[in-house]
Amino acid sequence: MKGELRQFFDKQKKIFEEHLGLVKKSDNAELIHQLRLSVKRIRALFTFLQFLTGKPSKGKKDIKALKVVYKPAGRIRDVQVHLGLLDSYEKRLQFEFTDYRSYLGMLEKQHHKDLKQSMKGFSAKPFEKLHTKTYKIIDQFSDEEIIKNAGKMLDEKFELISNLNKIPTDKEKNLHEIRRILKEIRYLLNIFNGNIPESKRLKVSLSRLKQIEQTLGKWHDQVNAMLFVKAYLNSKQIEDKAQKEKYKLLLKAIRRYKSSLLKRTQHAFKYELEV
């Protein structure tokens, strides 16, 4: 198990470094997505290592240094995801949002410039420090201790999800946090080949957990979609009544799909994850 944890870190480190170089030369959406995923997975690993030691993560400062690239890449990713959603909404509504698409394109270009600028001052040193700290922490524990603690951590994470799901206020913020935790759980289960027998709270398969988390991710994309559309409408005075009506219908369609995804997620929480 110790070997699997080391391999997981080394693999994500390699993915980050390779995609960082590729993103410098290309604006490809998938490259940016993989770059960000590697950081998320490394963060999830260090959340587990912190749980193992029972102390604040020694790699927290070094992981934070990766935000120099991670954050601007995230802004690009949000626009790219929204442009993909806009394609589907245009087909569904049989409208074209030409001016809005141009606005999003300019926004994406600006974020790309910001990312390229951030890369100029980025150093790979944090990764070398993370490598040393990762191996040092892992070497302190036996395989049995690692597996046992992984089960305990999963149980605590599901308990946290259950508590967040019961809080009535600021539901969208709570669901965003639940989504983040579900991703951490899924990444951890991937390291352990989807099987941590000590966990008492894992009620579904890894593939089903991924589906639930992806449904919640689609819900979050609709939340962002509404923010993008509203920001555009606030930045531009639209006098034409037909144009105004088009955007009203777009917001209505987004809201309706968002509500549908939320219901599906809540059903899965209640009857499958039992949180």
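The largest nonpolar core of this predicted model has 59 residues. A nonpolar core is a set of buried Ala, Val, Leu, Ile, Met, Phe, Trp, Tyr and Cys residues joined through side-chain atoms within 4.5 Å; buried means under 20% relative accessible area, exposed over 50%, and partly exposed in between, with a 1.4 Å probe and protein chains only. The residues with the most contacts inside this core are Phe 48, Phe 192, Phe 269 and Leu 273. Helix α2 (residues 29-53) gives the largest share, ten residues. A second, separate core has 19 residues, among them Val 79, Val 229, Ile 238 and Tyr 247. In soluble globular proteins, nonpolar side chains tend to be buried together.

Phe 48 touches Leu 5, Ile 146, Asn 149, Ala 150, Met 153, Leu 188 and Phe 192, leaving aside residues up to four places away in sequence. Contact here means heavy atoms within 4.5 Å.

Residues are numbered from 1 along each chain as its sequence is written, and side-chain values use heavy atoms, with hydrogens and water left out. As the model is predicted, local features need pLDDT of at least 70 and side-chain atom pairs count only at pLDDT 80 or more, while totals for chains, interfaces and linings use all residues.

**Helix packing**

Helices are DSSP runs (H or I, at least four residues), and strands are E runs of at least two, numbered from the N terminus. Axes are lines fitted to C-alpha atoms, for helices over the stretch in contact, and angles run from 0 to 180 degrees between N-to-C directions. Angles under 35 degrees count as roughly parallel, over 145 as roughly antiparallel, 65 to 115 as roughly perpendicular and the rest as oblique.

| Helix pair | Axis separation | Angle |
|---|---|---|
| α9 (residues 206-235) and α10 (residues 241-273) | within 9 Å | roughly 155° |
| α8 (residues 171-191) and α10 | within 13 Å | roughly 55° |
| α1 and α6 (residues 125-138) | 10 Å | about 170° |

At this angle α1 is roughly antiparallel to α6. On the α1 side the contact is made by Lys 2, Leu 5, Arg 6, Phe 9, Asp 10, Lys 13, Phe 16 and Glu 17. These meet Phe 127, Glu 128, Leu 130, His 131, Thr 134, Tyr 135 and Ile 138 in α6. By class, the contact of α1 with α6 has seven nonpolar, two polar and six charged residues. In this classification Ala, Val, Leu, Ile, Met, Phe, Trp, Tyr, Cys and Pro count as nonpolar, Asp, Glu, Lys and Arg as charged, and the others, Gly among them, as polar.

α9 and α10 are roughly antiparallel to each other, and α9 passes α10 in a left-handed crossing. A crossing is left-handed if the near helix is turned anticlockwise from the far one by less than a right angle, and right-handed if clockwise. The contact of α9 with α10 has 20 nonpolar, three polar and seven charged residues.

The pair α8 and α10 is oblique, and its crossing is left-handed. From α8 come Glu 172, Leu 175, Ile 178 and Leu 182, and from α10 Lys 258, Leu 262, Phe 269 and Leu 273. The residues of this contact divide into six nonpolar, no polar and two charged. Phe 269 and Leu 273 are also among the residues with the most contacts inside the largest nonpolar core.

**Lysines**

Lys 13, found in helix α1 (residues 2-23), counts as buried at 13% relative accessibility. Outside its sequence neighbours up to four places away, Lys 13 touches Ile 42, Phe 127 and Glu 128.

Not counting residues up to four places away in sequence, Lys 157 touches Thr 47, Ile 181, Glu 184 and Ile 185.

Lys 236 is in the loop between α9 and α10 and is partly exposed, with a relative accessible area of 33%. The C-alpha atoms of Lys 236 and Tyr 100 are separated by 10.0 Å, although the two are 136 residues apart along the chain.

**Positive phi**

Gln 94, in the loop between α4 (67-93) and α5 (98-120), has a phi near 60°, a positive value in a residue other than glycine. Gln 94 counts as exposed, at 70% relative accessibility. Glu 274, in the segment after α10, has a positive phi of about 55° and is likewise not a glycine. Glu 274 is partly exposed, with a relative accessible area of 47%.
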